[in-house]
Amino acid sequence: MNNIEFDKRHIWHPYTSSINPLPCYEVVHAEGTKITLADGSVVVDGMSSWWAAIHGYNHPKLNEAAKAQLDNFSHIMFGGLTHEPAIVLCKKLIALTPSGLNRVFLADSGSVAVEVAIKMALQYWACQGRTEKNRLLAPRNGYHGDTFAAMSVCDPINGMHSLFKNSLIEHFFAPAPQTRYGQKWNPDDVAPLQELLEANHHSIAALILEPVVQGAGGMRLYHPEYVKTCRQLCDQYDVLLICDEIATGFGRTGKLFACDHVQVSPDIMCLGKAITGGYMSLAATLCSDTVAQGVCEGSPGVFMHGPTFMGNPLACAVANASIDLLLSRNWQQEVNDIYQQLTQELASLQKHPAVADIRTLGAIGVVEMKQAVDVAKIQRVFIENGAWIRPFGKLIYVMPPFTASKQDITVLTQAIKAGIEATFSPS
Ligand SMILES: *Cc1c(COP(=O)(O)O)cnc(C)c1O
């Protein structure tokens with residue numbers, strides 16, 4: 001049995017059938033913005049391994065940081081012990097994130113960071129004697145991860161609510177924000193969310209949202225004023241604001257954090273994905289002093305969470321190197337150049353009869369089709385055209401490493417055009 005055969009028969013992949021899986025391509029090397037496949041073909045990375053590999057692959061600075069830490073110690077329990085890589089990282093996160101986020105919980109993946117955020121919000125209100133505040137509010141079309149509490153605040157339609165109906169807590173959902181990024185702000189956009197708060201704030205612990213960019217729940221780019229108004233409403237109705245910046249953090253939207261588009265400070269913020277430059281799994285949940293104090297008042301007096309690999313030194317060391325590398329480069333210029341080029345080169349697709357919408361922001365380009373994409377078929381065409389792009393549903397989208405060259409971006413946009421021509425040509 002060759003590798004691909006074994007893989008197909010025995011190994012789960014994300015969101016894939018065990019009976020009739022999508023084709024998988026074997027990677028033998030990755031360097032910079034290029035991925036080498038087992039058949040020798042080299043493709044330009046359009047996905048940054050799902051928002052994460054912002055500096056490209058096999059970066060000498062990140063390799064060096066990992067190797068140095070490996071030769072010292074790769075892991076040590078965080079219960080009762082601490083270490084410089086974690087301390088340095090938390091100092092950086094506190095300094096870089098919106099003001100007031102002074103307490104850091106290091107988690108081991110994005111979904112866990114969301115679980116921690118939700119647990120903090122619930123424990124906060126419970127410790128204030130407000131146990132009735134035990135529900136969450138989220139806009140539709142959100143995505144917050146695949147574990148149970150995270151799943152319960154994902155979009156109820158395109159998430160997995162119907163499948164797990166009897167195992168998920170029912171939360172409140174507001175309509176997704178409608179005012180697009182760059183459009184004139186329409187304050188009525190938040191009216192339904194305000195109505196939900198007005199009617200239910202006594203039972204709502206927190207509002208959770210992905211600021212400005214809704215990722216896996218639809219790749220929607222919306223007006224930052226929505227986030228700002230949510231902040232005001234949360235204050236007004238005594239509800240905590242959780243901003244999930246796992247996808248948007250570390251420059252992807254053109255600002256270091258999406259909250260920076262409107263200077264919003266959430267009560268709790270989740271980070272992940274690009275935090276290690278895509279090297280390994282690490283995430284963080286930051287919160288305000290008020291939340292941290294509130295959580296630990298009364299009984300049990302401690303925050304009840306502690307992953308085995310919490311604060312993993314290897315991951316922290318790479319995260320430190322990745323953040324330093326990001327800040328040492330003119331990343332705003334890089335992201336803006338990618339934005340300009342994606343906007344320009346994707347524009348001609350607007351008039352394609354199979355295309356519903358084109359949208360771009362920061363280093364993100366989205367082509368929404370009118371019909372679902374045949375992933376296996378279109379991916380073949382992408383690879384023939386030298387690009388690694390992984391569509392889902394009706395969405396073909398790219399979020400390349402910030403280090404992508406002009407040529408790389410052109411390969412990606414040409415591949416998208418070729419893929420659409422080959423799989424959506426009018427019959
Ligand atoms: C990917 C993602 C998560 C989940 O992170 P994992 O590391 O995959 O568990 C949560 N929220 C958002 C916004 C994400 O994009």
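Does Arg390 count as buried or exposed, and at what relative accessibility? In this predicted model, in which local features need pLDDT of at least 70, side-chain atom pairs count only at pLDDT 80 or more, and totals for chains, interfaces and linings use all residues, Arg390 counts as buried at 18% relative accessibility, where buried means under 20% relative accessible area, exposed over 50% and partly exposed in between, with a 1.4 Å probe and protein chains only. Residues are numbered from 1 along each chain as its sequence is written, and side-chain values use heavy atoms, with hydrogens and water left out.

Arg390 lies in the loop between strand S15 (387-388) and strand S16 (395-398); strands are DSSP runs (E, at least two residues) numbered from the N terminus. Leaving aside neighbours within four places in sequence, Arg390 is in contact (heavy atoms within 4.5 Å) with residues including Pro14, Met47 and Tyr397.

Lys273, placed in the loop between strand S11 (268-271) and strand S12 (283-288), is by contrast partly exposed, with a relative accessible area of 31%. Not counting residues up to four places away in sequence, Lys273 touches Trp50, Trp51, Ala52, Ile246, Ala247, Gly278 and Leu282.

Lys273 is also one of the residues around the ligand, among them Tyr143, Glu210 and Asp244, each having a heavy atom within 4 Å of it. Polar contacts, defined as pairs of N or O atoms within 3.5 Å, include a polar side-chain atom of Ser111 that lies 2.6 Å from an oxygen atom of the ligand, and a polar side-chain atom of Asp244 at 2.7 Å from a nitrogen atom of the ligand.

Note on methods. Helices (H or I, at least four residues) and strands (E, at least two) are DSSP runs, numbered from the N terminus. A polar contact is a pair of N or O atoms within 3.5 Å; within protein, one must be able to donate a hydrogen and the other to accept it, and residues adjacent in sequence count only if both atoms are side-chain atoms.
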